Amino acid sequence: MKNHVKLTQNYAIKTDAHNFIVLQRKLVDPTKAPGYKPVEGAELPALKERWDEIAYYPLTSANLAALIDNVRLREATDSEYASIADLAQAIRETTAEIIAAVNAGLAPGFSVNIGA
C-alpha cells in the first residue's frame with residue numbers, strides 16, 4: 001500500500017488535494033464470486049487484499065481528530081464483545097495502536113494525545 005498511513009491492521013488514511021480519505025482493508029475470496037468454477041486438480045486461488053475508500057474528511061486538524069476517533073471506534077466495534085468492559089478494553093487497545101502509528105510519522109518533538 002503506497003502513499004497511505006496505516007493506522008491499524010484494517011484501516012489506513014491517505015490524502016488528496018482536499019480530503020483525508022479513510023481506507024478499509026477487505027479480503028476477497030475469489031472462490032465466493034458468482035460463477036466461480038473450480039478447476040479439477042488446480043489449487044484454489046489465494047485471497048486478495050483490497051483497500052476501499054469508506055469516508056472523506058476535509059483537510060483540517062479538527063477533521064483529522066474526528067477521523068482518528070471514527071477509525072478508533074470502528075476498529076474497536078468490528079467484533080462482538082461479551083461485556084462493556086471488553087469493548088472498553090478494545091477501544092483502549094485500538095487507541096494506543098493508532099496513537100503509536102500517528103506518532104511514528106510525526107516530526108521529533110511532536111506527539112498525539114487523544115482525550116488530553
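Q: Which residues is Tyr11 in contact with, leaving aside its neighbours within four places in sequence?
A: This is a predicted model, where local features need pLDDT of at least 70, side-chain atom pairs count only at pLDDT 80 or more, and totals for chains, interfaces and linings use all residues. Residues are numbered from 1 along each chain as its sequence is written, and side-chain values use heavy atoms, with hydrogens and water left out. Contact means heavy atoms within 4.5 Å. The partners of Tyr11 are Lys6, Val22, Leu23, Gln24, Trp51, Ile54, Val71, Arg74, Glu75 and Asp78.

Q: What is the bridge partner of Tyr11 in E3?
A: Strands are DSSP runs of E, at least two residues, numbered from the N terminus. Two strands pair if DSSP finds at least two bridges between them. E2 (residues 11-15) and E3 (residues 19-28) run antiparallel, joined by 5 bridges. In E3, Tyr11 is bridged to Gln24.

Q: Which strands stand at the edges of the sheet?
A: The open sheet has 4 strands in the order E1-E2-E3-E4, with antiparallel pairing. An edge strand has a single partner, so one side is left without a neighbour in the sheet. These strands are E1 (5-6) and E4 (48-58).
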